[in-house]
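Hello,

Here is the structure for your files. My notes on its cores and salt bridges follow below.

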Amino acid sequence: MNLIGKLRRSFRTLVILLATFCLASIVISAYFLYTGYKQEMALVETTGQAECEDLKLLPYRSAELRTPKPIDPSRTDPTVLLFVESQYSQLGQDIIAILESSKFQYHMVIAPAKGDIPPLTDNGRGKYTIVIYENILKYVSMDSWNRELLEKYCVEYSVSIIGFHKANENSSPSVGLKGLPLQLYNNVALRDCTVNAQSPLLRITRAPRVEKGPLPGEDWTVFQFNHSTYQPVLLAELQPARPTPATLPRAALYATVIQDLGLHDGIQRVLFGNNLTFWLHKLIFIDAISFLSGKKLTLSLERYILVDIDDIFVGKEGTRMNINDVKVRQELRDPIPDTVSIFTCPLIQTIEVSKYPARAVDSHRIETILHIRALGALLETQNLLRTQVANFTFNLGFSGKFYHTGTEEEDEGDDLLLRSVDEFWWFPHMWSHMQPHLFHNESSLVEQMIHNKEFAIVLPRQTCGLFTHTIFYKEYPGGPQELDKSIRGGELFLTILLNPISIFMTHLSNYGNDRLGLYTFANLASFVKSSTNLRLQTLPPVQLAQKYFELFPEQTDPLWQNPCDDKRHRDIWSRDKTCDHLPKFLVIGPQKTGTTALYLFLLMHPSIISNLPSPKTFEEVQFFNGNNYHKGIDWYMDFFPTPSNITTDLLFEKSANYFHSEEAPKRAASLIPKAKIITILIDPSDRAYSWYQHQRSHEDPAALKFNFYEVISGSPRAPPELRALQRRCLAPGWYALHIQRWLSHFPASQLLIIDGQQLRSDPATVMDEVQKFLGVSPHYNYSEALTFDPQKGFWCQLLEGGKTKCLGKSKGRKYPPMDQESRAFLSSYYREHNVELSKLLHRLGQPLPSWLRQELQKVR
């Protein structure tokens, strides 16, 4: 009994202890829940006041600020791999526009459903330094094999990923990203965004930057995370009284751009919760490319701006500048509202605006027009702009004939301009303002030029949305808000952001009346300075030209474009000229593969017309690959006759050294982007030997002095003449490399690869394939028009009466067969090139020529 009593007492004691412990736990939990709630409320209130002044107040701080995983760009090429949804998707086009404007190399791939990826390495070197997904869901939904392959590449080669998520009406309210500790909440309306000043990727973007007002659209995605690898870059508040996902956690600010520091899986990422429509997204996107590429793909912070004012003396009475437009009278037509500071024209800094009552204005647009009368004087504005743009000076274009042709007050303005001549830079138009291309004889043109002392050509200029008729703020096309939008993150702002040198063309009329020219550039400079870390400056035109070619030395070589692709170009082109004199297709070679035979076969077709012969290069023009290119497109078009039927007739030219030219593909694509391209391939060993024998027949000193094996096997220390001949023998046979260069400028659908062996043995079948490729009509029956000449050893044109027309005596020349030592050397030399060619033909869906199949068998 005693034992039972002791057990009962022990049990009661245990129960009491457990009950006490439970009560204590409840009290402690209640305390921490209460204090936690107080802290959350304080966090919300404090963050709302401080905005982005201290990251410690932001709701995403999980611990101390982390250092991103180091980026080593030394093992990759400075190229972007871009996965787009389609060739025409808007976001994809916006990304490409930024990459091209920034002159960043990229390779675009349409993202497949399974996530297949192109080859990522080449001989142990990474081909891409950044991977961009237009739709980040395509990345996370890749099959496991491809995703593992891509992420292994990213880790091993220090490659980062940029992704976008654009929600739509079908998007789930919240979604997780597979494999990432990250939650996305979709279709959120945001306002008052903030740039995180402590984000490590910021370079051009100025922070802290607070953009007041609603963000465009209500389809934003915000990111929630609880891992220290993530850091917010751009944050915003929720718009009140707008629907939000029910599961969205409560916070003061929400991240719509985040950076993954690579602490989770070794891969750095930057993710955007919308597209690039919002101007701050564009800024951060450019900064992200710079940071994630280890500065290999980066834009300078220097920006050069020149503002031309054309036709300074030209204009109708009442639209020209008068004396009050040149100097300052400091009078206002209407009180100037107290708007957002970025829209406050710097011109009014010389006025005491405090005496004017402030008006209620929406923070995201201007409701009141700045009516500035006589305040926007050139000299005063120029001085004000110099506070934001170093050395800013207006560049005035003049036509001397129109001096003193306005009203009396406007003529006084002309005189004041000339009294201030040293304050500006000047460049002449034609004396009578007639465009030079409209002159039909040289003497009249020279006379006009003498009148204006000299005729200056300035660098290519951008428009800025101001034209000769754009003189009143209220009447700006689309409304004055369109001009302000262009300044405030729109087209004008992006022009400066993406171009190291911007030369803006404006007109005299933009500086009279409401003086929109002065308003535009004063506000633009102010917005750029407050939003970015760009350094604005101006140089005189000649120095600016030198700076331009210093930045872009490759552009000292001109790149002719088709003058008929742009109506503005057609309008200023001579009436005597026509783009009907440009070829529809090119036969590009390489040499010694049968291009001359193909050339003659093509000419047999009644609807195919070649260029006129050149006195130096015979049937070949050789325009795109050498110095002839600098003679201009008029020189080139003079080689082509006017087709009798521009709809059905096809002009073409054959220049066999285009194939291996580094310049020809880019030049041809610029001038004739829709042209079709034909190339012929034979065994590169045979081609090399044929070229050597060709040079011997033309008494090339190196070919006569050295035998074939000595030429192809010569060391880097061999005589220069041998090395030059060696390269001409061997380099054109790097078929895959040269074809890939053409494919980087022309789509595969515009390229036809002919088997040179088949052209030699069965030309009629090949010519049927060529006709189909060109889409030429009527169909020409080559089977009846060609006959084999056993004496010549090749096919000839069959004429009436049984006569034939064959290639010249220099074609089909007999020479000794190649020695076995040389054959073995070349088979080994071209082995890798032939393997790459087989892969390329496989990707293009083209059959392998018989000679290539034979060479590949040797590899096995």
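**Cores and salt bridges**

Ile-162 touches Ile-130, Val-131, Ile-132, Tyr-133, Val-270, Phe-272, Phe-285, Ala-288, Ile-289 and Leu-292, leaving aside residues up to four places away in sequence. Contact here means heavy atoms within 4.5 Å.

The model is predicted: local features need pLDDT of at least 70, side-chain atom pairs count only at pLDDT 80 or more, and totals for chains, interfaces and linings use all residues. Numbering runs from 1 along each chain as its sequence is written, and side-chain values use heavy atoms, without hydrogens and water.

The largest nonpolar core has 84 residues. Ile-162, Phe-285 and Phe-394 have the most contacts inside it. Helix H5 (residues 279-292) gives the largest share of this core, 10 residues. Apart from it lies another core of 41 residues, including Val-621 and Ile-739. A nonpolar core is a set of buried Ala, Val, Leu, Ile, Met, Phe, Trp, Tyr and Cys residues joined through side-chain atoms within 4.5 Å. Buried means under 20% relative accessible area, exposed over 50%, partly exposed in between (1.4 Å probe, protein chains only). Helices (H or I, at least four residues) are DSSP runs, numbered from the N terminus.

The count of salt bridges is 20. The rule is a side-chain nitrogen of Lys or Arg within 4 Å of a carboxyl oxygen of Asp or Glu. Glu-855 pairs with Lys-858, closest N and O atoms 3.0 Å apart. Both lie in helix H28 (residues 850-859), 3 residues apart, about one turn. Glu-855 is buried at 10%; Lys-858 is partly exposed at 45%. A network of salt bridges links Arg-147, Glu-151, Asp-260, Asp-265 and Arg-269.

Best regards

Notes:
Helices (H or I, at least four residues) and strands (E, at least two) are DSSP runs, numbered from the N terminus.
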